[in-house]
Each structure stands twice: as C-alpha cells, then as structure tokens.
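Colleague: Could you take one part of this model and go through its side-chain packing and pairing with care? I would like the cut-offs stated as you go.

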Amino acid sequence: MNSVVDDEYMDSEKGVIKEELKMTLETIQESIKIAMKTHATLEVETLRSVVAAVKKAAIDRRCEIDDILTNEILLKEQKMIKEMIDTCPADRTELMEKYNNKLTIINKFCPQLTTDPNEIRTIILIKCVELNIDPKTTNKGQFMKTLMPHLKGEVDMKVANQVI
C-alpha cells in the first residue's frame, strides 16, 4: 500500500511519517519486523495472520485498507481467539497457553471499546441528535440498524444493546 505523504505529515529530522499519523496496519507490520529480529515466532505468526486477514477483507470488499477496516479485523480476530480459548479442553494446557499469548499480542493493537453503560448512553444520545433519530418513536430494530455503523469500533455492542 503506497501513498503520497505531504510534507506537513513528515518528521523532517528523521524523514519518516509522524507517529500519530501512522496507520494501525503499518504499526503491525513494523512490529512483525521487530518480532522477526527477536525471533518471537508466535508473535510473527499471529501478526502475519492479522495482516493477511486485513488484506483479504480489503480485497473481498474492494476497498482501501484503512484504520477502520484494520480495527474491525483486529476485533474479529480477538473474538475468534477468545472463542478458541473458551472451547479449548482444560487438559490441553500448552494449547491454552498459546491462545492466551496470541490474545495478549492482538490486544496490544485492538481499539479499546467503551464498556461503561453511562458513557455508552451518552454516546448513543449524541449520535441520535447528530442523525436526527428519536429513540422513543423508532422501534429497537430500526434504531439499532441506523446506529450500529456509527457505534461500531467505539463501544461494546453487547453493552449498547442492553442500554437501548
């Protein structure tokens, strides 16, 4: 993924993109390089699978790779590993340890979702005002369908569903 970067986004001393403007995928790719140098095979394997999943999703959706897509895939991978941990037999300690280590690696890059019901209620009310939606007159299904794309990646949707 090559992009043209304006001078205002460049750190003139180092000649690289400023840290706050780097995409999540680029950060993951840099972490892969570091992990390869330190011979952290599980980290390399885990991060490569995330990069592959992001690229596959971009191809499938015929869209550009951006932070939103990357974060969405990271959350899916996180959920998948949590399910693997839940279904792993208790006597398979080495496999459980591997899954927990993978989850730790992925958690470093996942966006932190808001789980506080009061904060979520505030966010939902702000989004309702922005989108001109009246939560009292709209049924819950239509309400969630309209709000979900705007809340995804910001809040824990299970908690949001309970709040609504």
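Modeller: Contact, as the word is used here, means heavy atoms within 4.5 Å. The model is a predicted one, in which local features need pLDDT of at least 70 and side-chain atom pairs count only at pLDDT 80 or more, whereas totals for chains, interfaces and linings use all residues. Residues are numbered from 1 along each chain as its sequence is written, and side-chain values use heavy atoms, with hydrogens and water left out.

I will begin with the packing around Leu69, which touches Val54, Ala57, Ala58, Arg61, Cys63 and Glu64 when residues up to four places away in sequence are not counted. Leu69 belongs to the largest nonpolar core, which has 26 residues, and it is listed with Ile28, Val54 and Leu74 among those with the most contacts inside that core. A nonpolar core is a set of buried Ala, Val, Leu, Ile, Met, Phe, Trp, Tyr and Cys residues joined through side-chain atoms within 4.5 Å; buried means under 20% relative accessible area, exposed means over 50%, and partly exposed lies in between (1.4 Å probe, protein chains only). Two or more residues of this core come from each of helix 1 (24–37), helix 2 (41–61), helix 3 (67–87) and helix 4 (93–107), where helices are DSSP runs (H or I, at least four residues) numbered from the N terminus. The most is given by helix 2, with eight residues. In soluble globular proteins, nonpolar side chains tend to be buried together.

A salt bridge is a side-chain nitrogen of Lys or Arg within 4 Å of a carboxyl oxygen of Asp or Glu, and a search of the whole structure finds seven of them. One of these joins Lys102 to Glu45, with the closest N and O atoms 3.4 Å apart. This pair links distant parts of the chain, as Lys102 lies in helix 4 and Glu45 in helix 2, 57 residues apart. Lys102 is buried, at a relative accessible area of 15%, while Glu45, at 38%, is partly exposed. Side chains of opposite charge can pair when their charged atoms come close.

Another salt bridge brings together the side chains of Arg92 and Glu94 at 3.1 Å, N to O; of these, Arg92 counts as partly exposed, with 37% relative accessibility.
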